[in-house]
Amino acid sequence: MATKQLRLRPSAASRWIACPASAKLCEQVPKRPSGEAANIGTAIHALAETCFQLGSDPLQFVGQTVEGITMTEDNCLYALEHMKAIWAIQDQLGMVKVEVPVTLFSTALFKLGGTADVVGYSISQKKLVIADLKTGKGWVDADTEQLKIYALAAIATLRLVIDEVELQIIQPFHGEKRIHTMTADELGEWEENILMPAIDDVVSDAPPFKPSESACQWCDAKTICPAQQKQFDIVAAQPDISVMKKEEIKEIMLALTPEQISAILDKAPLVEKFIAAVQEHALQAMEKDGMVVPGWQLAPKRASRKWIDGNAAREQLTSIGLSDSDIFETTLITPAAAEKLLPKEQRVILDELTVKVSSGLTLARDRSLSQ
């Protein structure tokens, strides 16, 4: 029987490079439908591409439907920011392509490639720019495995001779685009020392499991991962605190050595993500497939009242004597929100108007131990 070709996605590279076994394991999990945030991101990408190709203004699409999503003003502004970045690359290098299919490797065992948002290059300057639009709120660094793979794949697909590589993240939620530059030699060293050993592990007969908080966070295979289950079993082997009294639990906590506490804290994020994944899987299976889980049922979330018609509610409330100041709440926007509204040269005033105040203490990794 022929072996199915394994598809390695650049967008998931940080995960399968960190944990090679996750690539094949994720192939065994049914593909989940995209969430709302992902669908909005797809629509913004499609709008930016269309407007760039046709020379249209994205803001003309406010209220219109793109890829099944009704575009808000923010959605269209995100598309416009992406277009500005594309124009800047075009002005700098001359040649720019959007939504470019690129492939780094394609063998009987695996294929590594995808669609790069933006590829710009100059033959005379021997320079390549890879840009990627991120529409989410989670910070994304420009020095990413995904963009490095796109750069290598673009060089291979377009047969470019490059000396300098520039990686860009366009993420309007966080303001200015972020840039990471490297030489072609540095990119080649990363490919040789990081990427290729990871690929060898991924396609091997026994790819290694290397669970970690970052690797497991977005892994679709958490519910069937034997490494996750092992971590869960270690914690589950502790005394059943659900049947213990508070004093008995306290005695166990006081008896733990610092080393034992450290070991449990190391495992906690992995176990928490495993449990959350099981909960999500159970909810979907019970709701969509009718799965019966002994001792559990689907229950509606707590209901809260909402106005049927805001204007009608205002009229009724003011008619019985309440003022607008009684029924409307107004609060000062956050410094972060104000920063987005201010031109870059005026943001300095926030330094005099704000102070950073910690809400308290929390547990955090001692980063000095990993340096």
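**View 1. C26 is a buried cysteine.** In this predicted model, C26 has a relative accessible area of 16%. Buried means under 20% relative accessible area, exposed over 50%, and partly exposed in between (1.4 Å probe, protein chains only). Residues are numbered from 1 along each chain as its sequence is written. Local features need pLDDT of at least 70, side-chain atom pairs count only at pLDDT 80 or more, and totals for chains, interfaces and linings use all residues, while side-chain values use heavy atoms, leaving out hydrogens and water.

View 2. A disulfide is a pair of cysteine sulfur atoms within 2.5 Å. C219 is buried, at a relative accessible area of 9%. Searching the whole structure gives 0 disulfides.

**View 3. The largest nonpolar core holds 38 residues.** Such a core is a set of buried Ala, Val, Leu, Ile, Met, Phe, Trp, Tyr and Cys residues joined through side-chain atoms within 4.5 Å. L8, W16 and L112 are among the residues with the most contacts inside this core. Elements giving two or more residues include β1 (6-8), α1 (13-18) and α6 (184-203). α5 gives the most, with 8 residues. Helices (H or I, at least four residues) and strands (E, at least two) are DSSP runs, numbered from the N terminus.

**View 4. L8 and its contacts.** Contact means heavy atoms within 4.5 Å. Not counting residues up to four places away in sequence, L8 touches W16, A23, F110, K111, L112, G113, I199 and V202.
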